[in-house]
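Take a look at the structure below.

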Amino acid sequence: MEKIPILRMGSLLLVTIQVDLYDRLAENLEADLVQTINKTGAKGVLIDISAVSIIDSFMGRIIGNIATMSKILDAETVVVGMQPAVAITLVELGLPLKGVLSALNVEKGIELLTRKIADDKEPEDADDGDSE
Amino acid sequence: MTITREVDVIPFRNRLKEYAVKVGMSLVNQTKIITAASELARNMLKYAGGGNAVIEVISKGRENGIKLIFIDKGPGIPDVKLAMKDGFSTGKSLGLGLPGTKRLVSEFDIQSEVGKGTTVTVIKWKNG
C-alpha cells in the first residue's frame, strides 16, 4: 500500500507529495498527519505540493481539513509550491482554500512557520505592551 | 475506459493528459479539464459504484477540443437543477462537484433518469 512519508525536522513536520493523489491516499495522509502531530507535539506542518498537478474538490477539502485539525492541535499548516495552473483551477472550481496559509516555496514556508511559532510563544509580552 | 475503483481514476487522468497535450491545450486548460474529469469520475464512483468514461478528440472549424462522456447505470439524479446548485450535496461533500465542473469546461450537459442512470457530457475547447 502506498503511503506519503512524513518527515520530522525539529518542531516541524515536512510532507512532500510526489505522487498522483487519489482519494484514499489523501485520507490516509490526513489521519497519519494528525496522529504524528499528536505524538510529536509538532508546532508546524509544511506540505509541499509542487509536484501535484491536479487538486480537485476532494483533495482541496482534505488540505483544508488538515489545516483545521492541526490548528486544533496547536500546529500551523503551510502549503507551499502550488502550481499556477492548479491555483487558477481551484478558484474557478469554487474552492479558494480559505484559512490555509501558503508560501511560494519550501524556504519561504519554513520562514513563515518559524515566525508564526515564535509569535505564538510571546502573547503575554504583546499584552503588556497593549495595556497601557 | 471502465472506472470501478478509485485507483482507476489515475490512469484515466494520465490518458486524458496525453490527449490534451496532443490537441495542444495550454497547461491551464489541461489542468481544468483533468480536474473536471476527476470530479465527474468521483461522482460516478461515489453515487453509482462506477461506470464508463469515453475520451474523444473533436473539432469545430479550426478549433480542436476534447469531449468526455461519463456513463453510469446508477440511481440517477431526481432533481438535476438542484444538483447543479453550489453547495448542494446529498453526500458528505462540499457540493462543488457538478457546478464547479461546469465552470471549468466549455460545454456541459447532464442527462439523468431515476433508476436508469446518468450521462454527463463535457467539452473543453483548446482555447476555450
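## A pair inside one helix

Arg42(B) and Glu39(B) form a salt bridge, and their closest N and O atoms are 3.8 Å apart. Both residues sit in helix α2 of chain B. They are three residues apart there, so about one helical turn separates them. Keep in mind that this is a predicted model.

The cut-off for buried is under 20% relative accessible area.

Arg42(B) has another partner. The side chain of Arg42(B) meets that of Asp56(A) in a salt bridge, at 2.9 Å from N to O. This pair crosses between chains. Arg42(B) lies in helix α2 (residues 27–48) of chain B, while Asp56(A) lies in the loop between β3 (44–48) and α2 (57–72) of chain A. Asp56(A) has 0% relative accessibility, so it counts as buried.

Which residues are linked in a network of salt bridges? They are Asp23(A), Asp56(A), Glu39(B) and Arg42(B).

Over all chains, the structure holds ten salt bridges. One of them joins the side chains of Arg24(A) and Glu6(B), at 3.8 Å from N to O. This pair also crosses between chains. Arg24(A) is in helix α1 (residues 23–40) of chain A. Glu6(B) is in the loop between β1 (2–3) and α1 (9–23) of chain B.

## Two helices packed across the chains

Two packed helices are described by the angle between their axes and the distance between the axes. Helix α3 (residues 84–93) of chain A packs with α2(B) at an angle of about 50 degrees. Their axes are 9 Å apart. The two helices are therefore oblique to each other. Their crossing is right-handed.

Which residues meet in this contact? From α3(A) come Ala85(A), Val86(A), Ile88(A), Thr89(A), Glu92(A) and Leu93(A). From α2(B) come Leu27(B), Val28(B), Thr31(B), Lys32(B), Thr35(B) and Glu39(B). The residues of the contact divide into six nonpolar, three polar and three charged. Glu39(B) is one of the contact residues, and it also belongs to the salt-bridge network.

Conventions. Residues numbered from 1 in each chain as written. Chains lettered and ligands numbered in written order. Predicted model: local features only at pLDDT ≥ 70, side-chain atom pairs only at ≥ 80, totals over all residues. Heavy atoms only, no water. Salt bridge = Lys/Arg side-chain N within 4 Å of Asp/Glu carboxyl O. Helix = DSSP H or I, 4+ residues; strand = E, 2+ residues; numbered from the N terminus. Buried < 20%, exposed > 50% of the residue type's maximum accessible area, 1.4 Å probe, protein only. Axes fitted to C-alpha atoms, helices over the stretch in contact; angles between N-to-C directions. Parallel < 35°, antiparallel > 145°, perpendicular 65-115°, else oblique. Left-handed = near helix turned anticlockwise from the far one by under 90°. Contact = heavy atoms within 4.5 Å. Nonpolar A, V, L, I, M, F, W, Y, C, P; charged D, E, K, R; others polar.
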